[in-house]
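Subject: Structure handover

Hello,

I am passing on the structure below, followed by notes on what was found in it. Please keep it open while you read.

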Amino acid sequence: MTDDSAPADGTPVTFTVPISEPFARAAAQVLKDLRELAANAFPDEVGGPDAPFRRDAAAFDAQPEPTREARRSMHGMIFDLVQLSWSNALDHVRALEHDVVMQPPPVWSPLTLSRAVMENCLFLHYLIDPEISAAKRLARCAGLWRTDVEHMEKAAKAFGPAQEAEIARTKDYVLTALRDVGAVERTNAQGRLIGYEVDGEKSGMDINITEEAKAMPPHLPAPYRILSGAAHGRPWMTNRARVLAEDSEDDLVGEAATVMTAVVVVAGALETALKVWRDYFGLNLGDTLEHLNGLYRMFFTEAVNLGTDSMR
């Protein structure tokens with residue numbers, strides 16, 4: 001919905017489709033439909049004995065104590081984390097529904113909100129990717145948990161000795177839990193902690209979102225780089241919105257292309273998350289994924305028509 005072209009004299013001409021109220025309402029509605037479809041996609045029963053999550057549980061149950069209980073506990077923590085990430089993703093979709101209809105129209109916020117949706121869905125994928133082993137899953141969780149402790153240690157320094165002592169106790173608890181799991185620290189040549197290893201499976205200290213974004217649908221190449229750029233480029237996007245508003249009565253002119261991009265990313269992120277939920281837990285989601293893509297395609301057609309109307 002933007003078209004930068006160069007006429008014969010070489011002067012760039014920028015063409016922009018603004019965010020009209022009908023377009024914003026249509027976008028908010030499809031976001032609401034996508035969110036409700038995703039939130040209500042899950043059946044009451046988990047899949048059969050071949051589901052990867054049952055395979056993981058069986059592998060943990062086969063361990064001797066205290067390893068068995070420690071691994072079962074971390075497996076449960078992974079479930080809590082992915083449920084939290086899923087709820088957070090849906091909450092950001094809800095926020096985006098309201099963001100796109102605000103006045104004056106948004107400039108960069110649709111892209112950063114959709115980025116948060118994608119990050120949460122990819123975090124979910126990182127932890128319950130059905131293609132990785134149970135040990136790899138534990139190694140990933142170990143790295144994330146230890147990274148959280150390091151962040152807490154840094155924050156505690158700002159609050160004084162009492163908070164530092166509390167975090168020190170938390171760190172002792174985490175380190176004991178990781179030892180019970182069988183997570184072995186990995187260090188580089190300088191002795192710096194770079195990750196964990198469980199039963200020969202290695203992982204780093206944190207998720208690499210750019211790498212994990214490869215799990216997104218193939219029609220969305222490098223989505224994280226685009227949305228991360230939008231977050232860092234918001235001053236320039238805001239300035240462009242002011243320039244575009246110079247010949248109008250509005251303070252800012254938000255571009256419909258940002259909302260379209262946000263909707264496409266949200267649809268792709270929810271699809272990615274639903275697939276990994278389905279495959280790891282062996283769920284029957286029926287025609288949910290087909291319905292999700294149908295909603296997106298219908299909105300795309302409607303958006304093109306609304307954009308054409310706004311130019312008349």
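Helices here are DSSP runs of H or I with at least four residues, strands are runs of E with at least two, and both are numbered from the N terminus. On that numbering, proline 104 sits in the loop between helix 3 and helix 4. Please note that the model is predicted.

Cis peptide bonds

Proline 104 is joined to glutamine 103 by a cis peptide bond, with omega near -5°. Another cis bond links glutamate 65 to proline 66, where omega is about 0°. Proline 66 belongs to the loop between helix 2 and helix 3.

Helix 3 and helix 4

How do these two helices lie relative to each other? Helix 3 covers residues 67-99, helix 4 covers residues 109-128, and they pack at an angle of about 165° with their axes 9 Å apart. Helix 3 is therefore roughly antiparallel to helix 4, because angles over 145 degrees count as roughly antiparallel. The crossing of helix 3 past helix 4 is left-handed. On the helix 3 side, the contact includes Ile78, Leu81, Trp86, His92 and Asp99. On the helix 4 side, the residues include Ser109, Leu113, Asn120, Phe123 and Ile128. By class, the residues of this contact are 17 nonpolar, six polar and one charged.

Helix 2 and helix 5

Helix 2 (residues 52-61) and helix 5 (residues 134-156) have axes that come within 9 Å and cross at roughly 85°. Angles of 65 to 115 degrees count as roughly perpendicular, so helix 2 and helix 5 are placed in that class. In this contact, Arg55, Asp56 and Phe60 of helix 2 meet Ala134, Arg137 and Leu138 of helix 5. The contact of helix 2 with helix 5 divides into three nonpolar and three charged residues, with no polar ones.

The nonpolar core

In soluble globular proteins, nonpolar side chains tend to be buried together. In this model, the largest nonpolar core has 88 residues. Which residues have the most contacts inside that core? They are Trp86, Ile128, Leu270 and Phe299. Helix 10 (residues 256-281) contributes the most to the core, with 17 residues. Leaving aside residues up to four places away in sequence, phenylalanine 299 touches Phe23, Ala26, Ala27, Val30, Met260 and Val263.

Glycine 182 is in the loop between helix 6 (161-181) and strand 3 (184-187). Its relative accessible area is 28%, so glycine 182 is partly exposed. Apart from residues up to four places away in sequence, glycine 182 touches Arg71, Glu197 and Val198. The C-alpha atoms of glycine 182 and alanine 70 are separated by 8.7 Å, although the two residues are 112 residues apart along the chain.

Aspartate 199 lies in the loop between strand 4 (193-198) and strand 5 (201-204). Is aspartate 199 buried or exposed? Aspartate 199 counts as exposed, because its relative accessibility is 53% and the cut-off is over 50%. Its phi is near 50°, which is a positive value in a residue other than glycine.

Valine 243 is part of helix 9 (residues 234-244). With 44% relative accessibility, valine 243 counts as partly exposed. Ten residues along the chain separate valine 243 from valine 253, and their C-alpha atoms are 8.3 Å apart.

Regards

Terms used: Residues are numbered from 1 along each chain as its sequence is written. This is a predicted model: local features need pLDDT of at least 70, side-chain atom pairs count only at pLDDT 80 or more; totals for chains, interfaces and linings use all residues. Side-chain values use heavy atoms; hydrogens and water are left out. Axes are lines fitted to C-alpha atoms, for helices over the stretch in contact, and angles run from 0 to 180 degrees between N-to-C directions. Angles under 35 degrees count as roughly parallel, over 145 as roughly antiparallel, 65 to 115 as roughly perpendicular and the rest as oblique. A crossing is left-handed if the near helix is turned anticlockwise from the far one by less than a right angle, and right-handed if clockwise. Contact means heavy atoms within 4.5 Å. Ala, Val, Leu, Ile, Met, Phe, Trp, Tyr, Cys and Pro count as nonpolar, Asp, Glu, Lys and Arg as charged, and the others, Gly among them, as polar. A nonpolar core is a set of buried Ala, Val, Leu, Ile, Met, Phe, Trp, Tyr and Cys residues joined through side-chain atoms within 4.5 Å. Buried means under 20% relative accessible area, exposed over 50%, partly exposed in between (1.4 Å probe, protein chains only).
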